[in-house]
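Trainee: I am new to this structure. Could you show it to me and take some questions?

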Amino acid sequence: MVKLVAALERLLVSYGPRGWWPLPSLAGTPGRDANGYALGPSLPVGPGGGAIDRSLRFEIAVGAVLAQNTAWSGAERAVAAVAEAGALSPSPMLALPAGELEDLIKPAGTFRIKAGYLRGLASAWTELDEGVPTRGELLALPGIGFETADCVLLYAYGEPTFVADAYARRLLSRLGHAIDGRSYEGARRYAEDLLPLEAPYLAEAHALIVEHCKLRCRARPLCDGCPLATDCDVHAKAN
DNA sequence: CGCCAGGCAACAC
DNA sequence: GTGTTGCATGGC
């Protein structure tokens with residue numbers, strides 16, 4: 001079995017910091033880097049790296065919904081289109097005619113459903129965002145499930161949360177951790193018992209896990225050259 | 001062409 | 001509570 005902290009360390013060395021969460025509406029604007037993070041005196045300020053203001057929190061929540069079961073490239077274009085239309089805040093979003101929001105977010109797929117989710121999010125957001133929302137409050141919104149709620153808590157509010165998505169569960173399982181059959185919440189608590197409960201760490205961990213699982217630890221794993229291959233069970237069996 | 005992508009809700013059992 | 005299905009565009 002590969003220890004989770006050791007695996008994450010190797011992923012960080014191999015891939016470098018991923019810099020999630022990207023903020024497409026701000027990327028490339030003055031004072032922002034390619035991910036939309038504010039350029040500070042030393043380190044970039046952004047999700048996991050500093051205070052996140054009100055408008056960015058909403059953008060992150062919108063992005064999290066639009067990214068569901070969709071390549072990030074599509075979600076990113078959809079967020080940018082909403083921003084371009086001036087609708088990347090609750091009131092303007094709610095003021096859009098019914099079909100227009102759908103048209104704006106088409107690149108993200110499942111656009112009729114997601115438009116309804118975004119309306120529900122926009123309706124509840126201002127009150128919800130007065131403080132740090134609880135997981136239960138987020139889960140009560142339409143279209144916000146376990147993974148989306150945790151992404152919002154982690155990347156928008158800096159709450160230390162492990163995003164136990166399908167990638168993370170696949171990786172943990174392949175590294176020899178006995179999480180088969182565990183629910184999302186079971187896997188989340190399992191991982192949180194193994195890791196430092198600090199938002200920047202968990203934010204980078206999630207991003208690295210997604211990167212690694214897209215590049216190598218796919219449904220059909222590409223173990224050749226994998227940074228975790230030396231003592232990963234899957235690699236041992238496949239070779 | 002088929003398969004998958006930062007999932008979720010509704011429904012079946 | 002676990003399993004299955006619809007949703008829909010875009011990249012490879």
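Predicted model: local features only at pLDDT ≥ 70, side-chain atom pairs only at ≥ 80, totals over all residues.

Mentor: Residues are numbered from 1 along each chain as its sequence is written, chains are lettered from A and ligands numbered from 1 in the order in which they are written, and side-chain values use heavy atoms, with hydrogens and water left out.

Trainee: Which residues come nearest to DNA strand B?

Mentor: A residue is near a strand if one of its heavy atoms lies within 4 Å of it. Around DNA strand B there are 20 residues. The nearest are Trp20, Asn69, Gly143, Thr148 and Lys214.

Trainee: Which helix gives the largest share of the surface near DNA strand B?

Mentor: Helices are DSSP runs of H or I with at least four residues, numbered from the N terminus. Three residues of the surface near DNA strand B come from one helix, and that is the largest share. The helix spans residues 146-157 and is H8.

Trainee: How far is the polar backbone atom of Gly145 from a phosphate oxygen of DNA strand B?

Mentor: A polar contact is a pair of N or O atoms within 3.5 Å. For Trp72, a backbone N or O atom lies 3.1 Å from a phosphate oxygen of DNA strand B. For Gly145, the distance is 2.9 Å.

Trainee: What share of the atoms of DNA strand C within 4 Å of the protein belongs to sugar or phosphate?

Mentor: Bases are touched on too: a base nitrogen of DNA strand C is 3.3 Å from a side-chain N or O atom of Asn69. On the backbone side, a phosphate oxygen of DNA strand C is 3.1 Å from a polar backbone atom of Ile113. Bases make up the rest beside the sugar or phosphate share, which is 76%.

Trainee: What is the angle between the planes of Phe146 and Tyr184?

Mentor: Rings of Phe, Tyr and Trp (its six-membered ring) pair if their centres lie within 6.5 Å; planes under 30 degrees apart count as stacked, over 60 as edge-to-face and the rest as tilted. The count comes to seven aromatic pairs. Phe146 and Tyr184 form a stacked one, 5.4 Å centre to centre, with the planes at 10°.

Trainee: Is Tyr184 buried or exposed?

Mentor: Buried means under 20% relative accessible area, exposed over 50%, partly exposed in between (1.4 Å probe, protein chains only). Phe146 has 39%, so Phe146 is partly exposed. Tyr184 has 9%, so Tyr184 is buried.

Methods: Polar contact = N/O pair within 3.5 Å; in protein donor to acceptor, adjacent residues only side chain to side chain. Helix = DSSP H or I, 4+ residues; strand = E, 2+ residues; numbered from the N terminus.
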